[in-house]
Amino acid sequence: MKTPPPLLFTMDPGATKLGLACFTSGVLTSAVTIAAPEDKLPYVSVDWLQQTAAGRGFDLVTERMHKRPAQSLFDEDLDRVESCRLAIPRILGRQGFSRTYQPMMWKGNANKNTHQKRVATALNAEETAIWDTLGHDAKDAVAIGLFHLGRIERGGLPPSEKRTRLMPSLPPPPPLIRE
């Protein structure tokens, strides 16, 4: 596990609701779901970040959704999420984020229920007390933070249980017969 930054904020972005989590020296210390009108959400989020940081420096890590041609119906929604996501470091006077992760990197293709159960097993008692009060947006922010810190692997699995597929190799396919 890498040495954690003294203060790490992680974010699961949204257009009108987002999740934020704070880790101090690698331990979850607070998390929140913030809901606000689209034009106000970045400012309300920055207020929470600044109050929680209390003048200390911090790393800021976020999820970044990507557009898929087969799902172009949702492009406008993703543009709104991206607009809010990018406004936050700009308001803070930063160049950008310390790190961004696409959902497939930290969540894999585990469904939300399974993923959250796995993530919960990586928490200590104090962190679990926080986790149990959170909505799904804040829980995703916590999971992104745990993944960034190396406390969970893709799909929410603990690092000690990282699985590999130990399947026997299939025989090579038969040669093509050309007529």
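Two strands are taken to pair if DSSP finds at least two bridges between them, and the strands themselves are DSSP runs (E, at least two residues), numbered from the N terminus. The model is a predicted one, in which local features need pLDDT of at least 70 and side-chain atom pairs count only at pLDDT 80 or more, while totals for chains, interfaces and linings use all residues. Residues are numbered from 1 along each chain as its sequence is written, and side-chain values use heavy atoms, with hydrogens and water left out.

Begin by selecting the five strands of the open sheet, whose order is β3-β2-β1-β4-β5 and whose pairing is mixed. At its edges stand β3 (27-35) and β5 (99-101), each with a single partner strand, so one side of each has no neighbour in the sheet. From one strand to the next the twist averages 20°, where axes are lines fitted to C-alpha atoms and angles run from 0 to 180 degrees between N-to-C directions.

Next, select β1 (residues 7-12) together with β2, which pair in the antiparallel sense over six bridges and form a hairpin with four residues between the strands.

Move on to β2 (residues 17-24) and β3, which run antiparallel and are joined by eight bridges; here L18 stands opposite I34 in β3. The hairpin of these two strands has two residues between them, and S25 takes a positive phi near 50° there.

Now select β4 and β5, which run parallel and are joined by three bridges, with T62 having T100 as its bridge partner in β5.

Finally, centre the view on E63, which lies in β4 (residues 59-63). What is the nearest side chain of opposite charge to E63? It is K107, at 6.9 Å, and E63 is buried yet has no salt bridge, a term that requires a side-chain nitrogen of Lys or Arg within 4 Å of a carboxyl oxygen of Asp or Glu. A polar contact (a donor and acceptor pair of N or O atoms within 3.5 Å) of 3.1 Å does join the side chains of E63 and W106. Leaving aside neighbours within four places in sequence, the residues in contact with E63 (heavy atoms within 4.5 Å) include M11, D12, R85, Y101 and I144.

Definitions and conventions: Buried < 20%, exposed > 50% of the residue type's maximum accessible area, 1.4 Å probe, protein only. Lys, Arg positive; Asp, Glu negative; His and termini not counted.
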